[in-house]
Amino acid sequence: MEDLTKYYAIVEEGIRQAGVDPELCRSNTEGQWNLKRGDTELWVDLWHVPEEAHTYFQAMTPLVTLPEENKEGFYREMLDLNYTMIGSHFVTYKDGVYIKITKEAETLNTDEIVFILSRVGYYGALFEGGFIKKFGVRKLEHVD
């Protein structure tokens, strides 16, 4: 298994530069941090994929549940909004919608982490309320 210590240090410095104490948001699972900026949750992960010989960094925010009705309109809206977003995108997992950015950790630096956290958080705050109002969905609560 690859030693991810150097990447952990970069991620934690980026979290610190984003204004959050990384020690307070470390998960019980190594390589995961959970932080909150305002009402927006941000989940940060770092993991190695041996088959690919790459380590990946990911930041995501949970948004809303999937709608009971008008799923086609909802998915269309997400696809249209994906076009307007920079470097990030909507994804679904189980019954929830998230915004995420995933990239190779090999070129990661602290400034980029600050931008990624800011971007994911910004888009989460920007779109969550509109989805709730337009499609009658609920804010997504923590999902394992």
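Helices are DSSP runs of H or I of at least four residues, numbered from the N terminus. In the predicted model described here, helix 4 spans residues 110–135 and contains phenylalanine 115. With a relative accessible area of 56%, phenylalanine 115 is classed as exposed, because the class begins over 50%.

Six salt bridges are present in the structure. One of them pairs arginine 26 with glutamate 12, with an N to O distance of 2.6 Å. This pair links distant parts of the chain, 14 residues apart: glutamate 12 belongs to helix 1 (residues 5–17), and arginine 26 to the loop between helix 2 (22–25) and strand 1 (32–37).

Aspartate 80 is partly exposed at 40% relative accessibility, and arginine 76 is exposed at 54%.

Glutamate 128 and lysine 139 form another salt bridge, in which the closest N and O atoms are 3.1 Å apart. Glutamate 128 is located in helix 4 and lysine 139 in the segment after helix 4, so the bridge ties together parts eleven residues apart in sequence. The relative accessible area of glutamate 128 is 17%, which places this residue in the buried class; lysine 139, at 31%, is partly exposed.

Lysine 103 occurs in strand 5 (residues 96–104). Its relative accessibility of 14% makes lysine 103 a buried residue, because buried means under 20%. The side chain of lysine 103 makes a polar contact of 2.9 Å with the side chain of threonine 107. A polar contact of 3.4 Å also joins lysine 103 to the side chain of glutamate 112.

On the surface, a patch of negative charge is made up of Glu51, Glu52, Glu104 and Glu106. Of these residues, glutamate 52 is positioned in the loop between strand 2 (40–49) and strand 3 (54–65). Glutamate 52 has a relative accessibility of 43% and therefore counts as partly exposed.

Terms used
Residues numbered from 1 in each chain as written. Predicted model: local features only at pLDDT ≥ 70, side-chain atom pairs only at ≥ 80, totals over all residues. Heavy atoms only, no water. Patch = residues over 30% accessible without salt bridge, like charges linked within 9 Å, V, L, I, M, F, W, Y side chains within 5 Å. Areas by Shrake-Rupley, 256 points an atom, 1.4 Å probe, with all protein chains shown as cover. Salt bridge = Lys/Arg side-chain N within 4 Å of Asp/Glu carboxyl O. Lys, Arg positive; Asp, Glu negative; His and termini not counted. Charge placed at Lys NZ, Arg CZ, Asp CG, Glu CD. Helix = DSSP H or I, 4+ residues; strand = E, 2+ residues; numbered from the N terminus. Buried < 20%, exposed > 50% of the residue type's maximum accessible area, 1.4 Å probe, protein only. Polar contact = N/O pair within 3.5 Å; in protein donor to acceptor, adjacent residues only side chain to side chain.
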